[in-house]
Amino acid sequence: MSSSSAAKNAIVRGNKMIANVCVVNAGRLDFDGKLNLHSLSQALGLSKSSGGGGEDTHNLNENKNINTLTAHQDSSPSPDVVAERSEGHNCIVTKEIEIDIDLLPTSVKLICEAGTGFNNIDIEKAKKRGIRVTNVPEYSTEAMSHLVITSILNSSASMIKQQKMLERNERAHFTNFSGLPHFELEGKKVGLIGGNGTIGKRVCELAKAFRMKPYVYSRSAKAKTELYDVYQSLEELLSESDFVSVHCPLNDATRGMLDYEKLSLMKPTSYLINTARGAICNEEDLIQILKEKKIAGACLDVQTKEPPDEDSLLWNPGNVFDDNVTLTPHIGWKRVETRQRLIDSVAERIKEFVDGEDILNV
């Protein structure tokens, strides 16, 4: 949808759109109070800014400018609460929460997803209602790629496994190191599923610095490049790679794509790394694969439900996986610099909205 067509249902003063912006779950972005929201204020021509924290709502307008900015400091409001908070706002900023398009008030003309993935938003319904949806696809390239490489490095030297042994006062590996994976990375193959985007390409660059061999399987990667070679099928990637790293989006085609049959193709010495979306893996099948030790381990920064249910075996109760699973709470995007870059990029989208410019539509 073009900016001009959306503007028909929005208030315009002069050549600029009047923007009433609501950050519906700022607490998920600024959970430590370390971010500077000044760029959001600047985008709206407001004179005050907030770094987060404090009361649930911050209205940053001094009645000198008709634009407004409201930020709610909790992290996971329900769709009903999101709809309630959206009343009177034509632009809402969200971060990885469920949005019910049917519940949103008619005032909403733009949803800015503060992140890369937008599987939480029904894009088709939004289009039918004349609501544009935009995202920020490249803010976390460095942080995410570094996490993938960190997982590879830790796995190759059994770093996490050794620390967990020490926590149980197990010290045998100080005198007998046999049985623990410990190998160099040169010549090892890292296979990236859907790795032809900015994060995947950066992972390939970093992997090559360790003299690893990066391979990609993606509909958009058909031929070998200077960065990576290609696999012609997912099955080939799974069976040949020493590390399998997931980089594809979550959609109807990829949900549960890595099931028991597919995961069984992996080598018993290989590792699965998922920093994309948890539901791309069939979680119950992955648990079974790990219990049967069909792969060497898994590093999971994302899970189907975050955090997993209390009774989920992903928590490794009783060390059922022999220390071969590493869980992290979706930290890939949470570095301070990464989140500040995200806020500043969201501000750019809002300024485009205010100025009536074309906005990146998902």
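This is a predicted model: local features need pLDDT of at least 70, side-chain atom pairs count only at pLDDT 80 or more; totals for chains, interfaces and linings use all residues.
Modeller: Residues are numbered from 1 along each chain as its sequence is written. Local features need pLDDT of at least 70 and side-chain atom pairs pLDDT 80 or more, while totals for chains, interfaces and linings use all residues, and side-chain values use heavy atoms, without hydrogens or water.

Biologist: In what order do the seven strands of the open sheet stand?

Modeller: Strands here are DSSP runs of E with at least two residues, helices are runs of H or I with at least four, and both are numbered from the N terminus. Two strands pair if DSSP finds at least two bridges between them. The pairing in this open sheet is parallel, and the order is S11-S10-S9-S12-S13-S14-S15.

Biologist: Which are the edge strands?

Modeller: An edge strand pairs on one side only. The two are S11 and S15 (325-327).

Biologist: Which residue of S10 is the bridge partner of Gly191?

Modeller: S9 (residues 189-193) and S10 (residues 213-217) pair in the parallel sense over five bridges. Ile193 stands opposite Tyr217 in S10. For Gly191, the bridge partner is Tyr215.

Biologist: Which residue in S11 stands opposite Val216?

Modeller: S10 and S11 (residues 229-230) run parallel and are joined by two bridges. Opposite Val216 stands Val230.

Biologist: Of which hand is the β-α-β unit made by S9, H8 and S10?

Modeller: A crossover is right-handed if, with the strands pointing away from the viewer, the path from the first strand over the helix to the second runs clockwise. H8 (residues 198-209) packs on the sheet and touches S9 and S10. The unit of S9, H8 and S10 is right-handed.

Biologist: Are H6 and H8 roughly parallel or oblique to each other?

Modeller: Axes are lines fitted to C-alpha atoms, for helices over the stretch in contact, and angles run from 0 to 180 degrees between N-to-C directions. H6 (residues 141-156) and H8 pack at about 50°, with axes 9 Å apart. Under 35 degrees counts as roughly parallel, over 145 as roughly antiparallel, 65 to 115 as roughly perpendicular and the rest as oblique. H6 and H8 are therefore oblique.

Biologist: Which residues of H8 make the contact with H6?

Modeller: Contact means heavy atoms within 4.5 Å. H6 contributes Thr141, Glu142, Met144, Ser145, His146, Val148 and Ile149. From H8 come Thr198, Ile199, Arg202, Val203, Leu206 and Ala207.

Biologist: Where is Pro307?

Modeller: The peptide bond from Glu306 to Pro307 is cis, with omega near -5°. Pro307 has its place in the loop between S14 and S15.
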